[in-house]
Amino acid sequence: AHLVTGATRTARFEGVAHDSGISFYLVDNDPGQGPGLHRHPYTETWVVQGGTATITVGDQSVNAVVGDILTVPANTPHKFVATGTSPLRMVCIHASPRMIQENLE
């Protein structure tokens, strides 16, 4: 499988093309970068591997650091932004073979 990259260094894997039941992003964002508020019709799990982030899930925000694992329930609005001085490296696991996203802002 080849990971598709776009305008950032973040790589995307969509499982449906590889007979996999999950999809994921390998996030590699500079401080200040991150997606706007959005939601998915399935759960998402984040594993922080480097840097720090402010993650908003519903009406709660948390500061995430290396080693943190966070989950987002299906249909719950969420977003994150890389903070600190080093790049945010994080795996965002989508519990779906297809990525489905509704942008809310």
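The radius of gyration here is taken over C-alpha atoms, and the globule rule is 2.2 Å times the number of residues to the power 0.38. For 105 residues that rule puts a compact globule near 13 Å, and this protein has 13 Å, so the two agree. The C-alpha trace spans about 35 × 30 × 25 Å along its principal axes.

Two remarks on the source. This is a predicted model, with local features needing pLDDT of at least 70 and side-chain atom pairs counting only at pLDDT 80 or more, while totals for chains, interfaces and linings use all residues. Residues are numbered from 1 along each chain as its sequence is written, and side-chain values use heavy atoms, with hydrogens and water left out.

Now the fold. The protein has 11 strands and 0 helices. Both are DSSP runs, numbered from the N terminus: helices are H or I with at least four residues, strands are E with at least two. Along the sequence the pattern reads β-β-β-β-β-β-β-β-β-β-β.

How much of the protein is buried? Buried residues make up 32% of the 105. Buried means under 20% relative accessible area, exposed means over 50%, and partly exposed lies in between, using a 1.4 Å probe and protein chains only. Next, contacts, meaning heavy atoms within 4.5 Å. Take those with a separation of 6 or more: residues 24 or more positions apart account for 68% of them.

On to strand pairing. Two strands pair if DSSP finds at least two bridges between them. Strand β5 pairs with β8 in the antiparallel sense, over 4 bridges. Strand β5 also runs antiparallel to β10, with 6 bridges joining them. T45 shows both sides of this. It stands opposite T71 in β8, and opposite I93 in β10.

Next, the rings. Rings of Phe, Tyr and Trp (its six-membered ring) pair if their centres lie within 6.5 Å; planes under 30 degrees apart count as stacked, over 60 as edge-to-face, and the rest as tilted. How many aromatic pairs does this rule give? The count is 2. One is F13 with F24, stacked, at 4.8 Å centre to centre and 20 degrees between the planes. This pair links distant parts of the chain: F13 sits in strand β2 (residues 11–13) and F24 in strand β3 (residues 23–29), 11 residues apart. Both F13 and F24 are buried.

Then W46 and F80. Their ring centres are 5.9 Å apart and their planes stand at 75 degrees, so this pair is edge-to-face. It too links distant parts of the chain, with W46 in strand β5 (residues 44–50) and F80 in strand β9 (residues 78–83), 34 residues apart. Both W46 and F80 are buried.

W46 and F80 come back in the core. A nonpolar core is a set of buried Ala, Val, Leu, Ile, Met, Phe, Trp, Tyr and Cys residues joined through side-chain atoms within 4.5 Å. The largest one has 13 residues, and W46, I55, F80, L88 and M90 touch the most other members. Strands β5, β6 (52–57), β8 (69–72), β9 and β10 (88–94) each supply at least two of its residues. Which strand gives the largest share? That is β10, with 3 residues. Setting aside residues up to four places away in sequence, W46 has contacts that include I55, V57, I69, L70, V72, F80, M90 and C92.

Beyond its neighbours within four places, V27 is in contact with T10, F80, L88, R89, M90 and C92.

Is D28 buried or exposed? At 14% relative accessibility, it counts as buried. Its side chain makes a polar contact with the side chain of R9, at 3.1 Å. A polar contact is a pair of N or O atoms within 3.5 Å; within protein, one must be able to donate a hydrogen and the other to accept it, and residues adjacent in sequence count only if both atoms are side-chain atoms.

Last, K79 in strand β9. K79 is partly exposed, with a relative accessible area of 29%. Outside four places in sequence, K79 touches P35, G36, L37, W46, T54, I55, T56 and E105.
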